[in-house]
Amino acid sequence: MAQQYESWGRFPKVFQHIHPLQWRSDSLPLTDQKILAQGLGRSYGDVCLNDKQTILATRGLNRFIHFDAHTGKLYCESGVSLAEILDLCVPQGWFLPVTPGTKFVTIGGAIANDVHGKNHHRAGTFGRYVLQFELLQSSGERLICSSEKHVELFKATIGGLGLTGLITWAKIQLKRIHHRAIHTESIQFENIEAFFELAEQSDENYEYTMSWVDCNYTKQIGRGIFFRGNHITEYEIPEKWKISSKKLTIPMDLPGFILNPWSVKLFNFLYYHQQKQKSVSKLADYDPFFYPLDAILQWNCMYGKRGFLQYQCVVPYEDHRMITEILNQIAKSGLSSFLAVLKNFGEVPSPGILSFPRKGVTLALDFPIKGAQTFALLDSLDDKVRECGGAVYPCKDARLSPINFQAYYPQWQAFSQFIDPQFSSSFWRRVTGET
Amino acid sequence: MRKVLIIGATSAIAQETAKIYAQQQAAFFLVARNQEKLAAIADDLKVRGATQVDYHAMDINELDQHSTVIEQAAACLTGLNTVLIAHGTLDDQKVCEQNFAKTELALKTNFLSVVSLLTDLANRFEKQRYGCIAVISSVAGDRGRQSNYIYGTAKGALNLFLQGLRNRLHRHNICVLTIKPGFVDSPMTASFKKGLLWAKPEIIAKGIVKAIDKRKNEVYLPWFWWGIMFIISNIPEFIFKRMKL
């Protein structure tokens, strides 16, 4: 029985069959339909959806297999979430080598989207820390892929949007920490130039950097707050440390009028002025530092039933004036929401054939869906990104045109040869024009 | 240290309960049908903090094996103080109505096999004078309903048996816990359409651990099923028989 499903952005809505997997020894279902693995469904758009086809629900594959607390090598099933990994490893002095802005994603999803985080300028993407994984293909074959064995398939699967087969388990390398606290600094900046200066100064001495930028303040485009941080050293370990586990939840869809240009402007104004000094430095727990939005369960309901589109692009460093242009256009449109994020990507190459991160400046923000004008705005941003040789992030996309996708990822055809014939997704059919 | 014997260890509720105990550095002896699945769970529990995990694969309906397995568990863990009986099947009511062999098998798996296990365990615990025996029953055992009365019969009989056992073992300092989960979103119910009343196995597991800690007699999980079953149990039979529940 097909049921209606949506991903985190709540757009599009699709009908699909769900086939839950419980054991890593399970074989793939016998079906004429196309199949696709889905973990926690935190991708914003349709990379994790499979309209009128079948989804392999992998959350049942949530067992650890082995953890070596001396070397930090973790071996677990693909449906284990990053939150579960942190709960296990942080008390033993280990941390995720790379983490996205939510810990409610599975390790399979983190590999399939080759996710990045606040340390991209130093550490590169999540895929770089994947030592090996097992790929179950529709032929029934189980291939153990690594940088030494089935190398091409290994590279295709990292960032391969789940199209090369089912990852049943993976082995990753964690990184040593001394304590869960992060030494953080937040610094107000007034425009994009100031952001770039701060980024340049910080990238060398700070492991984690990112900025929030106000996309609504038309008088002064690009003002914002720059966040930077490092894990604390063994000499800075505090005697007492309080961990708050308070969670809010948005229990129902908020009506559309609550998020309007005025309320968004007000939020951004308050957010910018939350700190009285230009620069504030303190110790923070890793949880609110990396995952501020995870404290609000179901924050996607804030945008109501119609949902929202998240837009994340990267443009080459040399063309960073394009970021100002894009920000201008967004501010003028008045369509954006809060939560706009700006960050410099570093030079560390992504291991995946189809990985999104590359050297440049990345901008990510939410747009509540307000009909055709929202889509038109994003289409015109796509064109700007294409002009300067940038790219848009598939894992956050729900509306990119085939022409633009294929321009951003000219390697898509080379990648296609690694797609398992029984695997497909709504996203892939859309951007390749398949029906 | 908690030394736990889990029968039906591959069930979703049992796995989630074991995860909680693993974090408390418990030692485990797991019993279920499938060797490979048991191995996967054992690895997981060890990573999560279990001090020891041993397991044995068997069909629980081989009743004559029970005392050997229990003996093996007690030897492996050098004694037992917690037992969780979590195995069971949810058979198709319509098929059972037409086929006594199926009904008989359902009653054997869901009731008689538990009685066989508890006969051995009760005597062992009675002698040692400490420990807790927790058994997963179901709200289905509270009243016979046309849609599910074979399963309900097995669970209802089990509830009575546990009441008697509790009465017998109380003076020997043994806690006997009857766990009555409502609708649980697990592989057992994969084909059902889920609504508001459905709970995740991890929620049920938390409730089980809490009830064992508090040495409760009976627990509905989640708690609101107590209210639902109170109403269902108190509908007069002359009305109830006309209802389609």
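**Entry 1**

The model I am reading is a predicted one. I then asked which residue E97(B) forms a salt bridge with. The partner is K94(B), and the closest N and O atoms are 3.9 Å apart. I noted that this pair falls within the 4 Å cut-off for a salt bridge. Both residues belong to helix α4 (residues 93–98) of chain B. Because they are three residues apart in that helix, about one helical turn separates E97(B) from K94(B). I recorded K94(B) as exposed, since its relative accessible area is 52% and exposed means over 50%.

I took the total next: over all chains, the structure holds 31 salt bridges.

I turned to R180(A) and D285(A), whose side chains meet in a salt bridge at 2.7 Å, N to O. This pair links distant parts of the chain, the two residues being 105 residues apart. R180(A) sits in the loop between β11 (175–176) and β12 (181–189) of chain A, and D285(A) in strand β16 (residues 279–285) of chain A. Are these two residues buried or exposed? R180(A) has a relative accessible area of 18% and is therefore buried, the limit being under 20%. D285(A) is buried as well, with a relative accessible area of 9%.

I also noted a network of salt bridges that links D46(A), D379(A), D382(A), D397(A), R399(A) and R430(A).

I found a salt bridge between the side chains of D51(A) and K52(A), at 3.0 Å, N to O. D51(A) counts as partly exposed at 23% relative accessibility. K52(A), at 57% relative accessibility, counts as exposed.

I examined the backbone of K52(A) too. Its phi is positive, about 60°, although K52(A) is not a glycine. K52(A) lies in the loop between β3 (35–38) and β4 (54–57) of chain A.

I found a positive phi in D114(A), a residue other than glycine, with a value near 35°. Where is D114(A) placed? I located D114(A) in the loop between α2 (107–112) and α3 (120–123) of chain A. D114(A) is buried, because its relative accessible area is 0% and the limit is under 20%.

I then looked for cis peptide bonds. One joins F11(A) and P12(A), with omega about -5°. P12(A) is found in the loop between β1 (3–6) and β2 (13–20) of chain A. A cis peptide bond also joins L221(B) and P222(B), where omega is about -15°. P222(B) is placed in the loop between β7 (218–221) and α8 (225–234) of chain B.

**Entry 1. Cavities**

I asked how many cavities of 30 Å³ or more the count gives. The count comes to two.

The largest cavity has a volume of about 40 Å³. I listed its lining as N216(A), L259(A), N260(A), P261(A), V264(A), G334(A), S336(A), P368(A) and K370(A). By class, that lining divides into four nonpolar residues, four polar and one charged.

The second largest cavity holds about 40 Å³ of space. I found N113(A), G159(A), L161(A), L354(A), S355(A), F356(A), Y393(A) and P394(A) along its lining. This second lining divides into five nonpolar residues, three polar and no charged.

I noted a nonpolar patch on the surface, formed by F238(B), I239(B), M243(B) and L245(B). Together these residues have about 340 Å² of accessible area. I placed F238(B) in helix α9 (residues 237–240) of chain B. With a relative accessible area of 54%, F238(B) is exposed.

Last, I looked up I133(B), which is found in strand β5 (residues 132–136) of chain B. I133(B) is buried, its relative accessible area being 0%.

Technical notes
Residues are numbered from 1 along each chain as its sequence is written. Chains are lettered from A and ligands numbered from 1 in the order in which they are written. This is a predicted model: local features need pLDDT of at least 70, side-chain atom pairs count only at pLDDT 80 or more; totals for chains, interfaces and linings use all residues. Side-chain values use heavy atoms; hydrogens and water are left out. On a 1 Å grid over the protein atoms alone, a cavity is a set of points where a 1.4 Å probe fits but cannot get out, and a pocket is an open set with protein on both sides within 12 Å along at least five of seven lines; lining residues have an atom within 4 Å of a point. Grid points are joined across faces, edges and corners, and a volume is the space filled by probe spheres set on the points. Ala, Val, Leu, Ile, Met, Phe, Trp, Tyr, Cys and Pro count as nonpolar, Asp, Glu, Lys and Arg as charged, and the others, Gly among them, as polar. Patches are made of residues with over 30% relative accessible area and no salt bridge: like charges are joined within 9 Å, nonpolar side chains (Val, Leu, Ile, Met, Phe, Trp, Tyr) within 5 Å. Accessible areas come from the Shrake-Rupley method with a 1.4 Å probe; for residues, only the protein chains shown count as cover. Helices (H or I, at least four residues) and strands (E, at least two) are DSSP runs, numbered from the N terminus. Buried means under 20% relative accessible area, exposed over 50%, partly exposed in between (1.4 Å probe, protein chains only).
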